[in-house]
Amino acid sequence: TLQLGVCGVYAFFMWIVRITPASLFGLQAPTKQSPPKTTSSDLVKTMPVGFCSAGAHACTVFSLGGDPLFCQIVKSGEPVLSAI
């Protein structure tokens, strides 16, 4: 959760400043980047992916309260859910 929060703040800061840091790896000057244009159609299209991701995370958290073997089974099933 901390990693997601830090990366979210970093991405938001980069969009506000409008600098693309990826060009720094090629030793080039950073270029300006405009914020992405998101429509309501884009948000509707990403809802199923977000729902499945939240469901996989919830299953992992719930499995931690039970048998450790069950937790390993749930964790090993996450790539399958990600592939779908």
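What share of the 84 residues in the chain is buried?

## Overall make-up

In this predicted model, local features need pLDDT of at least 70 and side-chain atom pairs count only at pLDDT 80 or more, while totals for chains, interfaces and linings use all residues. Residues are numbered from 1 along each chain as its sequence is written, and side-chain values use heavy atoms, with hydrogens and water left out.

Buried residues (under 20% relative accessible area, with a 1.4 Å probe and protein chains only) make up 10% of the 84 residues. The chain holds four helices and two strands, which are DSSP runs of H or I with at least four residues and of E with at least two, and from the N terminus their order is α-β-β-α-α-α.

## Helix 2 and helix 3

Helix 2 (residues 40-63) packs with helix 3 (residues 68-76) at an angle of about 165°, and their axes, lines fitted to C-alpha atoms over the stretch in contact, are 9 Å apart. The two helices are therefore roughly antiparallel, a term for angles over 145 degrees on a scale from 0 to 180 between N-to-C directions.

The contact (heavy atoms within 4.5 Å) is made by Cys59, Thr60 and Ser63 of helix 2 together with Phe70, Cys71, Val74 and Lys75 of helix 3. These residues divide into four nonpolar, two polar and one charged.

Conventions:
Parallel < 35°, antiparallel > 145°, perpendicular 65-115°, else oblique. Nonpolar A, V, L, I, M, F, W, Y, C, P; charged D, E, K, R; others polar. Buried < 20%, exposed > 50% of the residue type's maximum accessible area, 1.4 Å probe, protein only.
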